[in-house]
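Here is a short note on the holes in this model and on one of its helices. Please read the points with the structure open.

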Amino acid sequence: MDHATWPTGTLVVLLSILILYKIFSARLGKSLFIRRIPGLNAIDEAVGRATEMGRPMVFVPGIGGLSLPTLQALSILKYITGIAAKYRTRIIVPTIDSVVYTVAEEIMKDAYAAHGTPEQFNPDDIRYLSDDQFAFASGVVGILNREKAASNFMFGYFAAEALILAETGHQVGAIQIAGTPSVLQIPFFITAADYTIIGDEFYAASAYLSREPTLLGSLVGQDYAKALLILIILAGIITVSLPPMHFHGWLSFLNHLPDWVKWFQ
């Protein structure tokens with residue numbers, strides 16, 4: 001914005017107003033529609049599979065600190081914990097950050113209490129492994145192998161350890177669902193995981209599952225903003241592509257428009 005012109009500044013203000021309008025509409029109770037992502041349907045399937053097999057699930061909230069991707073991942077963890085509480089399925093959460101460990105512990109404790117099964121909460125299932133990237137990856141690999149996990153969820157920020165975790169999950173026969181905003185790791189997840197949530201779907205997933213009005217309104221507002229930007233870009237392309245014509249030129253263009261349409265046909 002240091003070198004923004006007044007049209008750019010005006011456009012930013014308009015888009016901000018549009019997003020804020022959708023957020024306040026959602027907070028006031030207006031129903032907003034976002035389509036369900038196919039990968040989210042697989043979450044219920046993965047929990048059901050672990051329940052039938054009597055084996056635990058593993059949820060890895062990435063290797064980031066308490067950042068936006070990690071918060072999105074933790075909101076998905078809350079949803080999965082709710083389903084796990086319903087079916088009395090064990091879920092193990094290894095973490096790389098002590099703050100994330102604390103937040104994940106509270107989220108799971110609240111989720112079990114909200115579903116009327118606080119006795120199912122086991123603090124030993126939330127584990128702080130290490131703040132070193134590959135030491136953490138080794139710890140998760142050990143958990144996947146020892147516990148024979150039936151389902152492996154990987155949501156959040158991942159780096160070079162992404163393929164290590166996904167390959168191990170595949171070897172132990174776990175159904176795997178992954179989602180990350182890191183574009184460099186998405187190909188590895190697509191290759192090794194059963195379902196992958198990519199791009200904006202990662203942020204849309206947490207909004208859809210949590211149904212939190214601020215997240216829903218922000219997501220829908222941003223979609224409208226993107227549609228508006230696309231229309232402006234298309235209008236700009238058409239405007240600069242057409243030859244400059246005066247009023248009589250436009251009349252001539254309209255008079256010959258049927259001939260042009262016939263020529264294209």
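1. Terms first. On a 1 Å grid over the protein atoms alone, a pocket is an open set of points with protein on both sides within 12 Å along at least five of seven lines. A cavity is a set of points where a 1.4 Å probe fits but cannot get out. Lining residues have an atom within 4 Å of a point. Grid points are joined across faces, edges and corners, and a volume is the space filled by probe spheres set on the points.

2. Source. This is a predicted model, where local features need pLDDT of at least 70, side-chain atom pairs count only at pLDDT 80 or more, and totals for chains, interfaces and linings use all residues. Residues are numbered from 1 along each chain as its sequence is written, and side-chain values use heavy atoms, with hydrogens and water left out.

3. Second largest pocket. Its volume is about 170 Å³. Among its lining residues are Leu74, Lys78, Tyr79, Leu209 and Glu212. Helix α3 supplies the largest share, 4 residues. (Helices are DSSP runs of H or I, at least four residues; strands are runs of E, at least two; both are numbered from the N terminus.)

4. Largest pocket. The volume here is about 460 Å³. Of its 20 lining residues, Asp200, Tyr203, Ala204, Leu219 and Asp223 are the closest to the centre. α3 (68-87), α8 (201-210) and α9 (213-241) each give two or more residues to the lining. α9 gives the most, with 8.

5. Cavity. The structure holds 1 cavity of 30 Å³ or more. The largest cavity has a volume of about 30 Å³. Ile91, Met108, Tyr112, Gln120, Phe121, Asn122, Asp125 and Ile126 line it.

6. Helix α6. Which residues of α6 (residues 162-171) are buried? They are Ala162, Leu165, Ala166, Thr168 and Gly169. They cover an arc of only 160 degrees around the axis, so they sit on the same side of α6. (The arc is that of the directions from the helix axis to the C-beta atoms. Buried means under 20% relative accessible area, exposed over 50%, partly exposed in between, with a 1.4 Å probe and protein chains only.) An α-helix has 3.6 residues a turn, so residues three or four places apart point the same way. His170 and Gln171, on the other side of α6, are exposed.

7. Around α6. The cover over its buried residues includes β1 (57-60), α5 (133-147), β4 (151-155), β5 (175-179) and α7 (186-192). Contact here means heavy atoms within 4.5 Å. Gly173 follows α6 and has a positive phi, near 80 degrees.
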